[in-house]
Amino acid sequence: VLELSCHVSGKSVKIQGIIADALSVLTKVEYCVDSAAEWKKVLPEDGIFDSREETFRFEFEISQPGEHLVTLRLEDASGNTLFRNLSLVIEE
């Protein structure tokens with residue numbers, strides 16, 4: 001993970017980042033909020049995973065106020081998986 005940032009405005013959450021792998025093409029970015037039960041896919045900015053470096057940006061809302069955990073799951077073509085956790089607070 002070369003860059004990763006999270007911005008909260010009201011109930012809106014914006015996450016963006018740049019990921020890279022020295023050997024394999026990146027194949028997947030997914031996220032979930034507060035649980036690993038429902039993973040949501042994220043596309044890179046160019047619309048297709050086809051290189052060893054990708055930029056992504058996505059936005060979603062969290063309606064429930066309080067502290068939340070957003071987990072990112074990143075995967076390359078060799079099946080290597082990396083997780084990153086972001087803790088954030090939604091104000092009432």
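These legends go with close-up views of a predicted model.

Local features here need pLDDT of at least 70 and side-chain atom pairs count only at pLDDT 80 or more, while totals for chains, interfaces and linings use all residues. Residues are numbered from 1 along each chain as its sequence is written, and side-chain values use heavy atoms, with hydrogens and water left out.

View A. Four strands line up in the order 4-3-6-7, with antiparallel pairing. Strand 4 (40–42) and strand 7 are the edges, each pairing on one side only. From one strand to the next, the twist averages 25°. Strands are DSSP runs of E, at least two residues, numbered from the N terminus; two of them pair if DSSP finds at least two bridges between them.

**View B. Strand 6 and its neighbours.** Strand 3 pairs with strand 6 over seven bridges, and strand 6 pairs with strand 7 over 10 bridges; both pairings are antiparallel. Look for arginine 73: it is the bridge partner of glutamate 30 and also of phenylalanine 83 in strand 7. Leucine 72 stands opposite arginine 84.

**View C. The hairpin turn.** Four residues sit between strand 6 and strand 7. Glycine 79 takes a positive phi near 90° in this hairpin.

**View D. The largest nonpolar core.** This set has 18 residues, and Ile15, Phe56, Phe58 and Phe60 have the most contacts inside it. Such a core joins buried (under 20% relative accessible area, 1.4 Å probe, protein chains only) Ala, Val, Leu, Ile, Met, Phe, Trp, Tyr and Cys residues through side-chain atoms within 4.5 Å.

**View E. Around phenylalanine 58.** Not counting residues up to four places away in sequence, Phenylalanine 58 touches Val13, Lys14, Ile15, Tyr31, Val42 and Leu72; contact means heavy atoms within 4.5 Å.

Note on methods. Buried means under 20% relative accessible area, exposed over 50%, partly exposed in between (1.4 Å probe, protein chains only). Axes are lines fitted to C-alpha atoms, for helices over the stretch in contact, and angles run from 0 to 180 degrees between N-to-C directions.
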